[in-house]
Amino acid sequence: MILHDKIAAQLPALRERVTKLVKDHGEVVVGDVTVAQVYGGMRSVKSLVTDISFVDPAEGIRFRGMTIPEVLAALPKPDGAQMPYVGGLFYLLIVGEVPTKEQAQAVEAEWARHAEVPEYVYKTLRAMPADTHPMTLFSQGVLALQNGSYFARKYHEGMHKDEYWEAALDDVMSLTAKLPMIAAYIYHLKYKDGKEPKWDPKLDYGANFASMMMVEDQQGYADLARLYFIIHSDHESGNASAHATHLAGSTLSDIYYAFSAGLNALAGPLHGLANQECLGWLIGVRDMFGGVPTKEQLRKYAWDTLDSGQVIPGYGHAVLRVPDPRFTAQMKFAKARFADDTLVRIADMVFEIVPQVLKEQGKAKNPAPNVDAISGTLQYYYGIKEFDFYTVLFGVGRALGVSANYVWARALGQPIERPKSLTTKMLEDIAAGK
Ligand code: NMX
Ligand code: MLT
């Protein structure tokens, strides 16, 4: 397999670099930790390592050193498409190089070989009550696949630790191949006729998803799916879903257990669920004012949200201090294709007004939009109107980044995570210099 051979070629040198760094400079101090950080969700504590992506507060995400516009321009695209192969992005994340079209297609072909979902997974999902949240179903679907983990089987057969990453990569290819099918099935089970989707090996990841979702504008939605999965894939390693996946994986749980944990973190309203909440907020604005409001009306609506003790979804970020380039990329996509859409116009006006309101309130460290401020609007335009499905889409994308990290973590022999906790009394004593 192409990704296997590339990792195998890079691994000895990277292992040597890491071993040397830790051996020669293991005592070098990387940063201090304050009482505020210990109580404040470990914000900005430098304690994780990944070479796959990095979030610069003043610039946003870079995948393997490349910004989103650079990635979208450089990765190969399917014939007739405006957005790149998702398989090309996965190659970039894992290998660290821009693939040729053939290399991107080789990843897509590998996915096609693994896409079929065992019938018992569908059966498990069908057994759940009809009002189960799609994220619960998605996490359960992923967990149900654990039964087939190659890594878990090989581990119990006594696999050598140098081989962990190879078994991990097998599982990762199998999991990421199946996620669009499981997601589309959940959509049809919850909201449509419950038909099981079919993977077409002639289509790429994005076009397959468009076809399985049965949206009207197949070409437009295939491009959106490609863009969406690519930009949501990774956001360095400290975000809640990536960190939860990494933490669970560090115990040598296989990727099915680990990614299910990541999805459970993504399901929270301060993380991935914010895209569903954000579209709800925009629709609330539209319905309250019968379309696009005036700026004054919007300003008051935003203040009412804050005054009622709620956050404005889609705004703020733990790391970013500028508009999220994932927001910008989606806004550009929407404006190029359906700039007159009411919700796009409202989202654009929110982009003008809400940062001012948040600045006036003076609490949020970052008053700018994050990825969720627009993503639901685009789905809604293409006819995916069921808000509570949106985080599942985020999850399909996020799988690519966290599983690339999972493979490299096993390849580099990263250990079980175990930070240290203190009591409040201990912190008080430290603060008092005792
Ligand atoms: N609306 C209202 N208040 C906010 C917002 C917002 N959008 N963002 C931050 N604040 C408040 C925050 O609740 C906190 O208040 P308090 O002191 O009363 O607890 C204060 O500002 C300081 O928070 P920050 O340090 O700026 O933000 P933090 O790093 O703690 O949290 C988020 C980051 C993203 C959780 C926060 O900005 C937020 O809740 N945003 C809205 C939800 C959202 O869009 N989440 C999606 C994140 C992206 N993703 O895809 O996961
Ligand atoms: C993400 O994509 O994970 C979010 O922007 C949250 C984060 O980075 O903390």
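About 40 Å³ of space lies in the largest cavity, so that is our opening stop; here a cavity is a set of points on a 1 Å grid over the protein atoms alone where a 1.4 Å probe fits but cannot get out. The volume is the space filled by probe spheres set on the points, with grid points joined across faces, edges and corners. The structure holds 1 cavity of 30 Å³ or more.

Before going on: this is a predicted model, where local features need pLDDT of at least 70, side-chain atom pairs count only at pLDDT 80 or more, and totals for chains, interfaces and linings use all residues. Residues are numbered from 1 along each chain as its sequence is written, chains are lettered from A and ligands numbered from 1 in the order written, and side-chain values use heavy atoms, leaving out hydrogens and water.

**Select the cavity lining**

Pick Cys 278, Trp 281, Leu 282, Ile 312, Pro 313, Tyr 315, Ala 347, Val 350 and Ala 373; lining residues have an atom within 4 Å of a point. The lining has 9 nonpolar residues, no polar and no charged (Ala, Val, Leu, Ile, Met, Phe, Trp, Tyr, Cys and Pro count as nonpolar, Asp, Glu, Lys and Arg as charged, the others, Gly among them, as polar). Helix H14 (274-289) gives the most, with 3 residues. Helices are DSSP runs (H or I, at least four residues), numbered from the N terminus.

**Now ligand 2**

Show His 235, Asn 239, His 271, His 317, Arg 326, Phe 394 and Arg 398 around ligand 2, each with a heavy atom within 4 Å of it. This shell divides into 1 nonpolar, 4 polar and 2 charged. Arg 398 has a side-chain N or O atom 2.7 Å from a ligand 2 oxygen, and for Asn 239 the distance is 3.4 Å. The protein covers 84% of the 270 Å² of accessible area that ligand 2 has on its own (Shrake-Rupley method, 1.4 Å probe).

**Last, two loops**

Most residues other than glycine have a negative phi. Go to Glu 236, where phi is near 45 degrees, in the loop between helix H11 (218-231) and helix H12 (240-249). Buried or exposed? At 18% relative accessibility, Glu 236 counts as buried (under 20%; exposed is over 50%, partly exposed in between, with a 1.4 Å probe and protein chains only). Then select Leu 252, with a positive phi of about 70 degrees, in the loop between H12 and helix H13 (255-266). Leu 252 counts as partly exposed, at 26%.

Terms used
A polar contact is a pair of N or O atoms within 3.5 Å; within protein, one must be able to donate a hydrogen and the other to accept it, and residues adjacent in sequence count only if both atoms are side-chain atoms. On a 1 Å grid over the protein atoms alone, a cavity is a set of points where a 1.4 Å probe fits but cannot get out, and a pocket is an open set with protein on both sides within 12 Å along at least five of seven lines; lining residues have an atom within 4 Å of a point.
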